[in-house]
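Have the sequence and the 3D view open, and look up each residue as it comes along.

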Amino acid sequence: MADKDKPWLFRTYAGHSTAAKSNALYRTNLSRGQTGLSVAFDLPTQTGYDSDHILARGEVGKVGVPVCHLGDMRALFDQIPLEQMNTSMTINATAPWLLSLYIAVAEEQGADVSRLQGTVQNDLIKEYLSRGTYICPPAPSLAMITDIAAYTRQHLPKWNPMNVCSYHLQEAGATPEQELAYALATAVAVLDDLRDKVPADSFPEMVGRISFFVNAGIRFVTELCKMRAFTELWDEITRDRYGIADEKYRRFRYGVQVNSLGLTEQQPENNVYRILLEMLAVTLSKNARARAVQLPAWNEALGLPRPWDQQWSLRMQQILAYETDLLEYGDLFDGNPVIAAKVETLKQGARDELALLDQMGGAIAAIDYMKARLVESNAARLGRIETNETVVVGVNRWQQAEPSPLTAGDGGIMVVDPAVEADQVGRLIAWRAERDASAVEAALAALRRAAQSGANIMEPSIAAARAGVTTGEWAGVMRAVHGEYRGPTGVSQAPSNRTEGLEEIRDAVDAVSARLGRRLKFLVGKPGLDGHSNGAEQIAFRARDCGMDITYEGIRLTPEEIVARAREQDVHVVGLSILSGSHLPLIDDLMARMQAAGMGHVPVIVGGIIPDDDAARLTAMGVARVYTPKDFQLNTIMMDIVGLVAPGAAAA
């Protein structure tokens, strides 16, 4: 029997409220056996806004930690020696900035910066396709990705400068073949750009430092085969396209968070089994085993996990690694004909899709195409659940169950104190007042010159971090130089011929439209910074297929903008989607604006991860319907909309 393998890195994706509170959580997790850090940033930090920006309202500290400046980063890693840590930062559009702050804090700690280990995700293409935290257009965003890579080659030799993230592609509905192809196409786009920024003799080493961050779903045999396919395709691409001779630089290195998409609000205790099975897909096959694993908590479909919930997921990893004999054996699947056949099928499907993307000019040129394909795939996935073709236990089969004791008492989730936002904003204002304003202006001017000239932005970003520049100021320079960008929605407004099974709803929509004297007009909006657009896209997609006149302009709108558009278009229904937990302040603002605009009669419906108590508060504000993940029957929602516009019509 071979020597026992070392286990993968144990991580927990964590961060909330404030830097100080997140620091306490990190130190607790490390003391319990976690072996690496995985930092979750809040949405304003991810999208380049300071905590006091209008778009940050209600979002501060909700889905991660707010980091506005060097002081916040200092507090985040207080008493954590960065030279000894392996830190993953899930950050994309503002990755150059957060890495600069991290380097500046490491310098303050007296660390040897060349010994820093970790990863910035730094993948903008999947942001356009699925997650929505982009800032600038694709071309300058790609340049920023490769600026980081070129900088780390010189100064941070142990740092992974980019983590190609296919995780959110699967969350957005990608098939395994699409997940393989779109992720590999992203890596190719980055490497093609990077080739011109590093010496030729250093390029193979840089190929070896590209890592991946993937998703593992519940079909764990398929997912296991997908990971073997990823490994073999990456070896093929790096060898044949880039001529990388050294096998170690062709190795597919990946971390994983297993699927959150499949976690259910109904019977949430079942999610523990789902998470375990999904973890097996990325650990059982030695030749395609993850280098780092982070697991969601059982209650992520309900809200923010508590420290105990995260500990439970960490213990799951430790039991597999230390109590079982998994790490004592070679690959269990080599030579298995069933596995080999499935891997080959997945590889060929991915190769075909990659060839098509190449014909289009690569990943950057094909963003609109890929987005539309993902929306279609997600619609097909949801359709299979609605028709019971795909069984989801507790959702469309075996719904009757005992109440879960896990959700008793505090509801089984952590709620961020609303006072956190005011506290964070107060410290931000104080930070701005106490810094050297002339040093800040000089640093921002140098950053602007670098961005305009095409020079590498890392050195001026690190200088700006030291000078006390804020996240919003750094991103403001990037917006000013490169312009802002609104990504494709993947939902065309053109009438659809996808009518099978929708005849009854289409007839009801036609009847109501005839009575109204024009087509039923439905506006779908996403207020705030939440970029998880899958739900909004699917509602808009189905409403269009049911014959409604839809308006869906994508993510990141203020309540003021949504109300203005609703008034301009004289809509009959407004639908809002918020998954970041910021529904109460944003919808309170929007409902007041609807009244002020003389649109109090227009029904507003809301979807998101919304606890029952909050749903009652939204109803008290005047919201007509509240939908949560348990409301998976989109056709029922469509009939509700018809009934809200013309009471009695849906039943007629």
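## Ground rules

This is a predicted model, so local features need pLDDT of at least 70 and side-chain atom pairs count only at pLDDT 80 or more, while totals for chains, interfaces and linings use all residues. Residues are numbered from 1 along each chain as its sequence is written, and side-chain values use heavy atoms, with hydrogens and water left out.

Contact here means heavy atoms within 4.5 Å. C225 and K342 are 117 residues apart in sequence, yet their C-alpha atoms are 6.5 Å apart in space. You'll find C225 in helix 10 (residues 220-240). Helices (H or I, at least four residues) and strands (E, at least two) are DSSP runs, numbered from the N terminus. C225 has 0% relative accessibility, so it counts as buried. Buried means under 20% relative accessible area, exposed means over 50%, and partly exposed is in between, using a 1.4 Å probe and protein chains only.

P96 sits in helix 4 (residues 95-108) and is buried too, with a relative accessible area of 1%. Not counting residues up to four places away in sequence, P96 touches M144, I148, I457, M458, S461 and W474. P161 is 65 residues away along the chain, and the C-alpha atoms of P96 and P161 are separated by 9.8 Å.

## The whole protein

Now zoom out. The protein has 24 helices and 15 strands. Its radius of gyration is 24 Å, close to the 26 Å that the globule rule gives for 652 residues, so the protein is as compact as a globular protein of that length. That radius is taken over C-alpha atoms, and the globule rule is 2.2 Å times the number of residues to the power 0.38. Along the principal axes, the C-alpha trace spans about 70 × 65 × 55 Å.

Of the 652 residues, 60% count as buried. Among contacts between residues at least 6 apart in sequence, 80% join residues at least 24 apart.

The buried residues of helix 12 include D309, Q310, S313 and L314. The buried residues of this helix pack against strand 1 (9-11), strand 2 (13-14), helix 1 (19-31), helix 11 (271-281) and strand 10 (292-294).

Helix 6 (residues 138-155) has 18 residues and should span 26 Å; its end C-alpha atoms are 26 Å apart, which agrees.

## Rings and charges

The structure holds 16 aromatic pairs. Rings of Phe, Tyr and Trp (its six-membered ring) pair if their centres lie within 6.5 Å; planes under 30 degrees apart count as stacked, over 60 as edge-to-face and the rest as tilted. One of the pairs is W8 with F10, which is edge-to-face at 5.9 Å centre to centre and 70° between the planes. Both W8 and F10 are buried. Y128 and Y134 make a tilted pair, with 5.2 Å centre to centre and 40° between the planes. Y128 is buried at 2% relative accessible area, and Y134 is buried at 6%. Ring pairs also link F212, F230, W234, F252 and Y254 into a cluster.

Charges can sit over rings as well: the charged end of R479 sits over the ring of Y49, 4.2 Å from its centre. The charged end of R544 sits over the ring of F541, 4.6 Å from its centre. To count, NZ of Lys or CZ of Arg must be within 6 Å of the ring centre and within 35 degrees of the ring normal.

## Two positive phi angles

W398 has a phi near 55°, a positive value in a residue other than glycine. W398 lies in the loop between helix 14 (367-386) and helix 15 (419-434). Is W398 buried or exposed? At 51% relative accessibility, W398 counts as exposed.

D570 is not a glycine either, but has a positive phi of about 50°. Look for D570 in the loop between helix 21 (559-569) and strand 13 (573-578). D570 has 47% relative accessibility, so it counts as partly exposed.

Conventions
Expected span 1.5 Å × (residues − 1).
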